[in-house]
Amino acid sequence: MEAQAAYGNEHLKKVVFAESVRSISDYAFYGCKSLKELTVPGNVETIGEYAFSGCDSLVGVVIEYGTVKIGERAFKDCKKLGYVSISDTVASIGEGAFNGCADLTDVFYSLGESDFSKIEIGALNSYFENAKRHYNYVP
């Protein structure tokens, strides 16, 4: 997906990714203030830096089986983000990926706690790390 594909689009409410999309570029949806919920399909292997940063209305994110990397500050300052569901294919979460997500209360993970602990989580992700974790979650 092209860099800054919908950067700052304040009217975008929903995103549907084509099966051909393998990565979401840096800043692709930065500041899309009307985006409320997001599902990243498994064909998307990488979520770029600041990809969804500043999406003020975003309340939930589902990252499906197949996604491996969440880039630095990918969801930074998504102030209303309340939950994130990640699959067991996620291997790394970049520095500050969930920084400023003060409403983040729940993290759903498809496997157990021991598998979750293998995810490389960068610094400045305290809201993500302190959220209640729900293991062995199947949507």
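Residues are classed by relative accessible area as buried under 20%, exposed over 50% and partly exposed in between, with a 1.4 Å probe and protein chains only. The structure is a predicted model, in which local features need pLDDT of at least 70, side-chain atom pairs count only at pLDDT 80 or more, and totals for chains, interfaces and linings use all residues. Residues are numbered from 1 along each chain as its sequence is written, and side-chain values use heavy atoms, with hydrogens and water left out.

Aromatic contacts were assigned from ring geometry. Rings of Phe, Tyr and Trp (its six-membered ring) pair if their centres lie within 6.5 Å; planes under 30 degrees apart count as stacked, over 60 as edge-to-face and the rest as tilted. By this rule the count comes to 13 aromatic pairs. One of them joins Tyr-27 and Tyr-50, which are stacked at 4.9 Å centre to centre with 5° between the planes. This pair links distant parts of the chain, 23 residues apart: Tyr-27 lies in the loop between strand S1 (23-24) and strand S2 (37-40), and Tyr-50 in the loop between strand S3 (46-47) and strand S4 (60-63). Strands (E, at least two residues) and helices (H or I, at least four) are DSSP runs, numbered from the N terminus. Tyr-27 is partly exposed, with a relative accessible area of 30%, and Tyr-50 is partly exposed at 22%.

Tyr-50 also pairs with Tyr-30, in a tilted arrangement with 6.5 Å centre to centre and 55° between the planes. Because Tyr-30 lies in the loop between S1 and S2 and Tyr-50 in the loop between S3 and S4, the pair ties together parts that are 20 residues apart in sequence. Tyr-30 is partly exposed, with a relative accessible area of 29%. Elsewhere, Phe-17, Phe-29, Phe-52, Phe-75, Phe-98, Tyr-109, Phe-116, Phe-128 and Tyr-135 form one aromatic cluster.

An open sheet is built from 5 strands in the order S2-S4-S6-S8-S10, with parallel pairing; two strands pair if DSSP finds at least two bridges between them. S2 and strand S10 (132-134) are at the edges with a single partner strand each, so one side of each is left without a neighbour in the sheet. Neighbouring strands are turned by 10° against each other on average, direction ignored, where axes are lines fitted to C-alpha atoms, for helices over the stretch in contact, and angles run from 0 to 180 degrees between N-to-C directions.

Strand S6 (residues 83-86) pairs with S8 in the parallel sense over 4 bridges, and Tyr-83 stands opposite Asp-106 in S8. Strand S8 (residues 106-109) is joined in turn to S10 by 3 bridges, also in parallel. Here Val-107 stands opposite Arg-133 in S10, and Phe-108 has His-134 in S10 as its bridge partner.
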